[in-house]
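Subject: Model for you to look at

Hi,

Here is the structure I promised to send over. Have a look at it first, then read my notes below.

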Amino acid sequence: MPTTAPTAHALSDVTASDSSLRRFLHGLPGVDAVGLEARAAALGTRSIKTTAKAYAIDLAISMVDLTTLEGADTPGKVRALGAKAVHPDPTDRTTPATAAVCVYPDMVAVAKEAVAGSGVKVASVATAFPAGRAPLEVKLADVRAAVAAGADEIDMVIDRGAFLAGRYLKVYEEITAVKEACGTSARLKVIFETGELSTYDNIRRASWLGMLAGADFIKTSTGKVAVNATPANTLLMLEAVRDFRAATGVQVGVKPAGGIRTSKDAVKFLVLVNETAGEDWLDNHWFRFGASSLLNDLLMQRQKLATGRYSGPDYVTVD
Amino acid sequence: MSEQHNRLSVFKTYKLYVGGKFPRSESGRVYEVSDTKGNWLANAPLSSRKDARDAVVAARKAFGGWSGATAYNRGQVLYRVAEMLEGRREQFVREVADAEGLSKGKAAAVVDATIDRWVWYAGWTDKIAQVVGGANPVAGPYFNLSSPEPTGVVAVLAPQESSFLGLVSVVAPVIATGNTAVVVASERAPLPALSLGEVLATSDVPGGVVNVLSGRTAEIAAPLAAHQDVNAIDLAGADESLAKELEVAAADNLKRVLRPQPVDDWFATPGIDRMTAFLETKTVWHPTGALGASGSSY
């Protein structure tokens, strides 16, 4: 497969000025939209059964960022979510823990306490999530508060307004500033809100922009708009991280978020990961699912595989 | 006349009825259905366990709306089914005659009785609560009320012999009280049941309230009986050994099980037993409030 990777040499000074950054991003090859969607659809037809399915389900559970991002979140709900993240299926302790819980910054301390000692990480959205329409100082204060409360990961949103207006350097500088505020203790996930970027070309540009600015993860969406993670836009981002590693040697993770509700969908995404980025990404350090209802479906499928009977929503927690 | 063309036959593709849609079997399989003399009638879908799973998901999704609808509204909807059946009377007479080897006249009597049965159960929707519910006198300052509630998703194995009257006699009581149903049609004669799906789709019954599967009864019933999200099962269409096997599988999540009841005459007035079999009684203790000094709480 041809790669879209520029050489490392070409990347050394693209961020020197707004115009050089624009020249670089607009110099990336255009996306063949039809080909991209056809490939994503073709990879979605793989049949994954029996032991491979069991492996995929456990892997997917271990990659879930169990998320609650509602105005109505209470400390009690966050604690319940933390307990579920640590033991997703209390009736079967062989079930792996999820990767993280994902909450608003003011709930980080509660979440941290709920998952203490389990290895489950606490991720916090920040930077005026989900719109990102706040002054930079406010966004940075948001990030610092979450990190100070103990967040292991920060999910930031980019300024889509600036991106769509072509002010790439502003977006770049904002990401580097947030990265700095994360310090060494928190990994940074950069959310592009692909549903608002209009074109696949823009998603490819945003991916490279985020990676150049030092993102540890690139993430499709907030889950708050009509179009969230799709196989096609995730495939595009997986190509970007593959090519970025080929060019620079730096590995970046991918997190599709929003709209992934069934085990079947999750397994399709894992096929995309394996066939595009490769096995190195089949690990919850490098790939995550941002989801809330997905976990219950994965647990029901897991119970089905274990017992041979179809399970039902009465046998998993309501959240 | 030279203008009179020999028309090509237009055969009907019988399909499943699941979630208000008409899918083929997920497995892609079909089986041949023939009349009592062995003449081929049509191919019917041979459902797999995944079709059963999809049907349960559809029935569960429909349960909230259907059980929450007013009893009066459910009665109106079921009466509408009878109206739609009346319009398709000729088609069902033909299908029943083929399926059961009856004369046109006898098949017409069966179809008429079937339509009347819908009307009969449609009338029961807003009366069953008065008959089996009640206000119970208790020794204390409380009201104690019992009200019948639907059980949930009910798997129904339709009778094998009576392909239409028998079918409706087991499906209508299940949904009249607010349950949703996954129906496994008669294995040998599934065509009237599959056509009933077309009637239900055009008669205000929300998609998913009734789901019709055709195929091998034993193959489809096994996953339904073991399914953790099915609340009850009616074994009318199972023979003795299959019924035993299914009852064992159903015990795991404490499903309500209605064992096969011998029915000599499907024409007879059925009584309310098939409705009460899939009702649960909810009892509410309701305080009357403290009595004031005057002796009245009002």
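This is a predicted model: local features need pLDDT of at least 70, side-chain atom pairs count only at pLDDT 80 or more; totals for chains, interfaces and linings use all residues.

Residues are numbered from 1 along each chain as its sequence is written, while chains are lettered from A and ligands numbered from 1 in the order in which they are written.

**Chain A**

Chain A has 13 helices and 8 strands (DSSP runs numbered from the N terminus: H or I of at least four residues for helices, E of at least two for strands).

The 8 strands make an open parallel sheet, in the order β7-β6-β5-β4-β3-β2-β1-β8 (strands pair if DSSP finds at least two bridges between them). β7 (253-255) and β8 (289-291) of chain A are at the edges with a single partner strand each, so one side of each has no neighbour in the sheet. From one strand to the next, the twist averages 25 degrees (axes are lines fitted to C-alpha atoms, for helices over the stretch in contact, and angles run from 0 to 180 degrees between N-to-C directions).

Within this sheet, β4 (153-157) and β5 (187-191) of chain A are joined by 5 bridges, and A:Met156 has A:Val190 as its bridge partner in β5(A).

**Chain B**

Here 5 strands form an open parallel sheet, ordered β7-β6-β5-β8-β9. Its edge strands are β7 (210-213) and β9 (256-258) of chain B. Strand β8 (232-234) of chain B runs parallel to β9(B), with 3 bridges between them; B:Ala232 sits opposite B:Arg256.

Also worth a look: α8 (217-226) and α9 (240-250) of chain B pack with their axes 7 Å apart, at an angle of about 25 degrees. That makes them roughly parallel (angles under 35 degrees count as such). Among the residues of α8(B) that meet α9(B) are B:Ala218 and B:Ala222 (in contact if C-beta atoms, placed from the backbone, lie within 7 Å).

Cheers

Definitions and conventions: Angles under 35 degrees count as roughly parallel, over 145 as roughly antiparallel, 65 to 115 as roughly perpendicular and the rest as oblique. Two residues are in contact if their C-beta atoms, placed from the backbone, lie within 7 Å.
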